[in-house]
Amino acid sequence: MTLSVLDLFSIGLGPSSSHTVGPMRAARLFSRSLAESGRLGEVVGIKAVLFGSLGATGRGHGSDDAVILGLAGLDPETIGADEAPVVVAEAADSGRLRLDGTHEVAFSAQDDVVLNGWESLPGHPNGMRLTAYSTEEAAAAAGTGVEDRAEGAGVVSTQEYYSVGGGFVVTAEDMTNPADAEPDVPEPYPFVSGDELLQRCRESGLSIAQVMHANELTRHTAEEIRSSLLQVWAVMQECVENGCTRTEEVLPGVLLAKRRAPGLRRRLREQEAKGDTKDALWAMEWVNLFALAVNEENASGGRVVTAPTNGAAGIIPAVLHYFDMFRECNDDKVEEFLLTAGAIGTLFKRNASISGAEVGCQGEVGSACSMAAGALCAVLGGTPEQVENAAEIGLEHNLGLTCDPIAGLVQIPCIERNAIGSVKAINAARLSLAGDGTHRVSLDECITTMRDTGRDMMSKYKETSRGGLAVNVAVNIPEC
Ligand code: SF4
């Protein structure tokens, strides 16, 4: 199984990679498959059922709207943030949806996208089933339970998908045979663990970024890698700028959470203008700002880089902005930073999970903190051993972190948690650089611990909004 850094850093819409980007991709794949099979013209109705965590928090995460957008053939990478609400409102108001952008069917946003948060499909907590019907009777009779898989007369096609974190989507068949889902590409420096990655570096004399780059060359040209990573960085910068310049005072949703980034930047700029920058933690204020800006954009459905998820999308950009602002940064350093972060991210994806629904927030904020810590350590001149140490520290102190978004919105605790995670990542890099790379707990051991802890974590702490802050903080949720 091979993983590209460009898969880990994809561009899409907020607020969630697993609950927004993934369902949108799955729905798009489904409508595309209908078109490619030549059967799209037979379809008169469609039903999407979102199970498990997708069903439990889908409303707050915008999963229902994402399915509509995907069925309409829209791609999370290219859709405009302003376009999404227009398409969703049109479908809801007209009672019609244009599948794959071409074939119009009757559609009820209320009845045809069903959130079933009480049952889960067997493969993953983020499961969904999409079915296309050729008769109105079959569509009307469609059940919404796990056992209600539709087959036979009136069914054009049915498919189950899993959104496994970071915007990655697999079918039920891929889950049972992952080797088919991601065929191996021969790489010059293959690694499946942190230990192997270090071994490849020692044998070759290359840095972690150089090892990752050499492997990426089996999939992309050097120019493609560079331009794609610089584009990722450009979108991260644009996202921070957007987050700092919004004029709306509160974020969408019942929490009425205040946007803090615009006011914080105004204050920091005023202080700067007065020369009031002597505070020893001045840089930390900016790191907080960068993370808040990205995650407020994400919470409002803005354009973000999934890194490695949307809920945790602020940490890697915040740490890279910190490096850009307070150290010597250039395009080579940006590439080195993102390749190093990507190499570490593949270890999480391969050996544990980056899905909050699977392992809790340790898999999202913990993974992002670890990736950012290792990447910062690398661009500050750390050896591969120090980078691995930084990544390990970045994860170790997020172990056990639960996912309990209040009202199912990716806002509280998510937004602040990214700011805290960013500062933690910088500290992890500094702690590592203060040593020689030797340390007691390896990154692999820490990732295994995260996986085991996630497995033991009760499901109410894994992106269901049925535990933790989500049940202990009073919120007035209006009747739907
Ligand atoms: S609590 Fe963490 S894992 Fe859960 S939605 Fe927020 S950022 Fe994602």
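1. Asp-452 has a relative accessible area of 28% and is therefore partly exposed in this predicted model. Its side chain meets that of Arg-451 in a salt bridge, with 3.2 Å from N to O, and Arg-451, at 31% relative accessibility, likewise counts as partly exposed. Elsewhere, salt bridges with shared partners join Arg-129, Arg-149, Glu-151 and Glu-160 into one network. Over the whole structure, a search finds 24 salt bridges.

2. Arg-59 and Asp-64 meet through their side chains in a salt bridge of 2.9 Å, N to O; Arg-59 is exposed at 52% relative accessibility, the cut-off being over 50%, whereas Asp-64 is buried, with a relative accessible area of 11%. The side chains of Glu-297 and Arg-246 form a salt bridge at 2.8 Å, N to O. This pair links distant parts of the chain, since Glu-297 belongs to helix 13 (residues 282–299) while Arg-246 sits in the loop between helix 11 (222–245) and helix 12 (261–273), 51 residues apart. Glu-297 is buried at 1% relative accessibility, and Arg-246 is partly exposed at 32%.

3. Which buried residue has no salt bridge? Glu-463 is buried yet lacks one, and the nearest side chain of opposite charge, that of Arg-417, is 10 Å away. Glu-463 lies in the loop between helix 20 (443–456) and helix 21 (469–472), and its side chain reaches the backbone nitrogen of Ala-357 at 3.2 Å. Leaving aside neighbours within four places in sequence, the contacts of Glu-463 include Ser-16, Ser-18, His-19, Thr-57 and His-61, as well as Gly-356, Glu-364 and Cys-403.

4. The chain is divided into domain 1 (5–176) and domain 2 (194–472), whose C-alpha centres lie 29 Å apart. To the contact between them, domain 1 contributes 34 residues and domain 2 contributes 44 residues.

5. The largest nonpolar core has 90 residues, and the members that touch the most others are Phe-9, Met-236, Val-305, Ile-316, Phe-337, Leu-338 and Leu-376. Helix 17 (residues 365–379) gives the most to this core, with eleven residues. Because domain 1 and domain 2 both give residues to this core, it lies between them. Met-236, not counting residues up to four places away in sequence, touches Val-305, Ala-307, Ile-316, Pro-317, His-321 and Leu-338. A second, separate core comprises 35 residues, among them Ala-26, Phe-30, Ile-46 and Leu-54.

Key:
Residues numbered from 1 in each chain as written. Predicted model: local features only at pLDDT ≥ 70, side-chain atom pairs only at ≥ 80, totals over all residues. Heavy atoms only, no water. Core = buried A, V, L, I, M, F, W, Y, C linked by side-chain atoms within 4.5 Å. Buried < 20%, exposed > 50% of the residue type's maximum accessible area, 1.4 Å probe, protein only. Helix = DSSP H or I, 4+ residues; strand = E, 2+ residues; numbered from the N terminus. Domains from an automatic or database assignment. Contact = heavy atoms within 4.5 Å. Lys, Arg positive; Asp, Glu negative; His and termini not counted. Salt bridge = Lys/Arg side-chain N within 4 Å of Asp/Glu carboxyl O. Polar contact = N/O pair within 3.5 Å; in protein donor to acceptor, adjacent residues only side chain to side chain.
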